[in-house]
Amino acid sequence: MSPLPTRLYGNVSVPDTPLITAALSFSKAHSTPTLHNHMIRSWLFGFILASKAPALTTRDQELHSLAAILHDVGLDPNPTSSLVSTDKCFEVDSANAALAFLSQASEADEKEWDTNRKQLLWDAIALHAVPHIALHKQPEVVATCLGIALDFGGPEGPFSEGLMTWGEYEGVVRDVPRLGMKTEFVEVMCGICRRKPAACVGSVAEKWGEKYVEGFPPEGMRIFEVLERGLEMLG
């Protein structure tokens, strides 16, 4: 694959393609300002980290960019959004939305986006909140997961690997501010636990639901409860 044109965003060198530009517009249209900024920071942090991790330098940078920029569009605040299902976790909704974006974007070359590349994009988004799986997959999945984790833990968090400085972190946040990320993210997680509780069981939203949402999860819906019932019945 030929080198991609680049630009500086938040003082970080990132690819600059028409498809990435379209993804940025799509993300902004289907997110609150706070969550959109979270996705942008996750993109930038992922590129900072990957530039210093030899195992990640050969990744598909356009795919990594799309995965980071679109990884939370399944949390679209529009109550009539076609991106948000009633029966799937937001990670899957976001992954499906990314593929829908690709199918509609005139900037996406069908010859460049074959089935395998689309599947890798889907995996990078669907697994972004499951580090114990994502970190053992392809470099694009790893870089996406780590960039997102850095927006929660910062340079001293458990997934920083010592590859991002506070100066780099602060440079990104100065240009792409957090806008009350802590408060809004908890509210969003609790909101989806209320609206589609069964879909949140087993997802990253589950723990916020357990802590803050009365009556969550529905009785008997935890994965271990389902498995335990089966074991008791079948022996």
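Visitor: Which residues does Thr 17 touch, not counting residues up to four places away in sequence?
Guide: In this predicted model, Thr 17 is found in the loop between strand 2 and helix 1. Thr 17 is buried, since its relative accessible area of 7% falls under the 20% limit. Leaving aside residues up to four places away in sequence, the residues that Thr 17 touches are Leu 4 and Glu 62.

Visitor: How many of the 10 residues of helix 3 are buried?
Guide: Helix 3 covers residues 61-70. Its buried residues are Glu 62, Leu 63, His 64, Ser 65, Leu 66, Ala 67, Ala 68, Ile 69 and Leu 70. Helix 3 is therefore largely enclosed by the rest of the structure, and the buried count is 9 of the 10 residues.

Visitor: Which elements are included in what covers the buried residues of helix 3?
Guide: The cover includes one strand segment, strand 2 (12-15). It also includes several helices, namely helix 1 (18-29), helix 2, helix 4 (90-104), helix 5 and helix 7 (139-153).

Visitor: How is helix 3 oriented to helix 5?
Guide: Helix 3 (residues 61-70) and helix 5 (residues 115-126) pack with their axes 9 Å apart, at an angle of about 40°. That angle makes the orientation of helix 3 to helix 5 oblique.

Visitor: How many nonpolar, polar and charged residues does the contact of helix 3 with helix 5 have?
Guide: From helix 3, the contact involves Glu 62, Leu 63, Leu 66, Ala 67 and Leu 70. These meet Arg 117, Leu 120, Leu 121, Ala 124 and Ile 125 in helix 5. Sorted by class, the contact has 8 nonpolar, no polar and 2 charged residues.

Visitor: At what angle do the axes of helix 2 and helix 3 cross?
Guide: Helix 2 passes helix 3 in a right-handed crossing. The axes of the two helices come within 7 Å, and they cross at roughly 145°.

Visitor: How many nonpolar, polar and charged residues does the contact of helix 2 with helix 3 have?
Guide: Helix 2 contributes Met 39, Ser 42, Trp 43, Gly 46 and Phe 47 to the contact. Helix 3 contributes Gln 61, His 64, Ser 65, Ala 68, Ile 69 and Leu 70. By class, this gives 6 nonpolar, 5 polar and no charged residues.

Visitor: How far does helix 2 reach from its first C-alpha to its last?
Guide: Helix 2 (residues 33-50) has 18 residues, of which 17 are buried, so this helix is largely enclosed by the rest of the structure. At 1.5 Å a residue, a span of 26 Å is expected, and the reach of helix 2 is close to it, at 26 Å.

Visitor: How far apart in space are Gly 191 and Val 176, C-alpha to C-alpha?
Guide: Gly 191 lies in helix 9 (residues 181-195) and is buried, with a relative accessible area of 9%. In sequence, Gly 191 and Val 176 are 15 residues apart; in space, C-alpha to C-alpha, the separation is 25 Å.

Visitor: Is Asn 11 buried or exposed?
Guide: Asn 11 sits in the loop between strand 1 (6-9) and strand 2, and has a positive phi of about 65° although it is not a glycine. Its relative accessibility is 65%, and the cut-off for this class is over 50%. Asn 11 therefore counts as exposed.

Visitor: Which peptide bond is cis, with omega near -5°?
Guide: Most peptide bonds are trans. The bond runs from Phe 216 to Pro 217.

Note on methods. Residues numbered from 1 in each chain as written. Predicted model: local features only at pLDDT ≥ 70, side-chain atom pairs only at ≥ 80, totals over all residues. Heavy atoms only, no water. Axes fitted to C-alpha atoms, helices over the stretch in contact; angles between N-to-C directions. Helix = DSSP H or I, 4+ residues; strand = E, 2+ residues; numbered from the N terminus. Parallel < 35°, antiparallel > 145°, perpendicular 65-115°, else oblique. Contact = heavy atoms within 4.5 Å. Nonpolar A, V, L, I, M, F, W, Y, C, P; charged D, E, K, R; others polar. Expected span 1.5 Å × (residues − 1). Buried < 20%, exposed > 50% of the residue type's maximum accessible area, 1.4 Å probe, protein only. Left-handed = near helix turned anticlockwise from the far one by under 90°.
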